[in-house]
Amino acid sequence: QLRLVESGGGLVQPGGSLRLSCAASGSIFSIYDMGWFRQAPGKQRELVATITSAANTNYADSVKGRFTISRDNAKNTVYLQMNSLKPEDTAVYYCNIRYPSLDWSVYWGQGIQVTVSS
């Protein structure tokens, strides 16, 4: 079982930046696709960004141009750099793993709160 621990969230003003980290342990990190999800109050969890084992990236339209996903396989860590934050980015953010061609893991951690407010 690959364990994922998110960190780096908090309170930031609109237009500010945060960098989220997701540290993995318990399995081989480099073979997985990785993703960042978020869930705002009263809304469904949504996929924000993905990075494949080959380091190809994709983003939701709502964050494209503002967020950057990256990975450091030597550190078993995936990052989400969030710039130009908006109040609508407020949510609990989660990372998850996916074997290529398979589904996202059914195991979800606690997530990390990001609040964008003046």
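Leaving aside its neighbours within four places in sequence, which residues is Arg66 in contact with? Arg66 touches Gln81, Met82, Asn83, Ser84, Leu85, Lys86 and Asp89, where contact means heavy atoms within 4.5 Å.

## Basis of the model

This is a predicted model, in which local features need pLDDT of at least 70 and side-chain atom pairs count only at pLDDT 80 or more, while totals for chains, interfaces and linings use all residues. Residues are numbered from 1 along each chain as its sequence is written, and side-chain values use heavy atoms, with hydrogens and water left out.

Arg66 lies in the loop between strand 6 and strand 7, strands (E, at least two residues) being DSSP runs numbered from the N terminus. At 11% relative accessibility Arg66 counts as buried, the term buried standing for under 20% relative accessible area, exposed for over 50% and partly exposed for values in between (1.4 Å probe, protein chains only). The side chains of Arg66 and Asp89 form a salt bridge with an N to O distance of 2.8 Å, a salt bridge being a side-chain nitrogen of Lys or Arg within 4 Å of a carboxyl oxygen of Asp or Glu. This pair links distant parts of the chain, since Arg66 is in the loop between strand 6 (57-59) and strand 7 whereas Asp89 is in the loop between strand 8 and strand 9, 23 residues apart. Asp89 is itself buried, with a relative accessible area of 1%.

Asp89 also meets Arg38 in a salt bridge, at 2.9 Å from N to O. Asp89 lies in the loop between strand 8 and strand 9 and Arg38 in strand 4, so this pair ties together parts that are 51 residues apart in sequence. Arg38, buried with a relative accessible area of 5%, forms a further salt bridge with Glu46, in which the closest N and O atoms are 2.7 Å apart. Glu46, by contrast, is partly exposed, with a relative accessible area of 34%.

Glu6 belongs to strand 1 (residues 3-7). The side chain of Glu6 does, however, reach the backbone nitrogen of Cys95 at 3.0 Å. Leaving aside neighbours within four places in sequence, the residues in contact with Glu6 include Cys22, Trp36, Tyr93, Cys95 and Gly111.

## The disulfide

Two of the residues that Glu6 touches, Cys22 and Cys95, are joined by a disulfide with an S to S distance of 1.9 Å, a disulfide being a pair of cysteine sulfur atoms within 2.5 Å. The pair links distant parts of the chain, with Cys22 in strand 3 and Cys95 in strand 9, 73 residues apart. The torsion about the S-S bond of Cys22 and Cys95 is about 55°, so the disulfide is right-handed. Both Cys22 and Cys95 are buried, and a search of the whole structure finds 1 disulfide.

Ile69 is found in strand 7 and counts as buried at 3% relative accessibility. Beyond neighbours within four places in sequence, Ile69 is in contact with residues including Met34, Trp36, Ala49, Tyr59, Tyr79 and Leu80. The C-alpha atoms of Ile69 and Tyr79, 10 residues apart along the chain, are separated by 5.6 Å.

## Gln44, an exposed loop residue

Gln44 lies in the loop between strand 4 and strand 5 and is exposed, with a relative accessible area of 73%. Not counting residues up to four places away in sequence, Gln44 touches Arg38 and Gln39. The C-alpha atoms of Gln44 and Leu102, 58 residues apart along the chain, are separated by 21 Å.

Key:
Helices (H or I, at least four residues) and strands (E, at least two) are DSSP runs, numbered from the N terminus. A polar contact is a pair of N or O atoms within 3.5 Å; within protein, one must be able to donate a hydrogen and the other to accept it, and residues adjacent in sequence count only if both atoms are side-chain atoms.
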